[in-house]
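Trainee: Could we go through this structure together? I would like to begin with the strands.

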Amino acid sequence: MEVIFIVIMVGGLYFIMFRPQQKRMRAHQALVRSLEVGDLVVTGSGIHGAIAEIDDQVVWLEVAPDVELKVSRSSVAERIEGSEPEEFETGQPVDDEA
């Protein structure tokens with residue numbers, strides 16, 4: 001009886017903790033492998049930018065016109081869907097108050 005209870009507890013722990021973490025890791029690895037030049041992304045530290053260049057383990061992010069940051073490819077947390085922001089297209093900051 002005690003063995004069955006321990007097996008149920010270990011099985012519950014697996015489905016509550018380990019399986020969701022493995023799914024998140026697989027999704028992040030797929031994202032990192034699928035990155036392309038021109039994608040709008042956000043890093044784990046919250047930096048938004050467009051991918052200007054991709055090396056083996058390094059991504060160059062254009063965060064402003066003529067300003068690029070070298071970040072680890074694995075630090076990209078998510079891809080932003082949609083079109084590029086106006087500041088990347090025109091080289092001028094967007095004035096929302098106008």
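This is a predicted model: local features need pLDDT of at least 70, side-chain atom pairs count only at pLDDT 80 or more; totals for chains, interfaces and linings use all residues.

Trainee: How many bridges join E1 to strand E2?

Mentor: There are 3 bridges between E1 and E2 (residues 48-54), and the two run antiparallel.

Trainee: In what order do the strands of the open sheet come?

Mentor: The order is E4-E3-E2-E1-E5, which makes 5 strands with antiparallel pairing. Strands E4 (67-72) and E5 (76-80) stand at the edges; each has a single partner strand, so one side of each lacks a neighbour in the sheet. On average, neighbouring strands of this sheet are turned by 45° against each other, direction ignored.

Trainee: Back to E1, then. Is Thr 43 buried or exposed?

Mentor: Thr 43, which is found in strand E1 (residues 40-43), counts as buried because its relative accessibility is 4%, and the cut-off for buried is under 20%.

Trainee: And what does Thr 43 touch?

Mentor: Beyond residues up to four places away in sequence, Thr 43 touches Leu 61, Val 71, Ser 75, Val 76 and Ala 77.

Trainee: Which residues make up the largest nonpolar core?

Mentor: That core has 8 residues: Leu 31, Leu 35, Val 41, Ile 51, Val 59, Leu 61, Val 71 and Val 76. Leaving aside neighbours within four places in sequence, the contacts of Ile 51 include Leu 35, Val 41, Val 59 and Leu 61.

Trainee: New topic: where is the kink in H1 centred?

Mentor: The kink is centred on Tyr 14 and is about 35°. Helix H1 (residues 2-33) reaches 45 Å from its first C-alpha to its last, close to the expected 46 Å.

Terms used: Residues are numbered from 1 along each chain as its sequence is written. Side-chain values use heavy atoms; hydrogens and water are left out. Helices (H or I, at least four residues) and strands (E, at least two) are DSSP runs, numbered from the N terminus. Buried means under 20% relative accessible area, exposed over 50%, partly exposed in between (1.4 Å probe, protein chains only). Contact means heavy atoms within 4.5 Å. The expected span of a helix is 1.5 Å times one less than its number of residues. The bend at a residue is the angle between axes fitted to the seven residues ending there and the seven starting there. A nonpolar core is a set of buried Ala, Val, Leu, Ile, Met, Phe, Trp, Tyr and Cys residues joined through side-chain atoms within 4.5 Å. Two strands pair if DSSP finds at least two bridges between them. Axes are lines fitted to C-alpha atoms, for helices over the stretch in contact, and angles run from 0 to 180 degrees between N-to-C directions.
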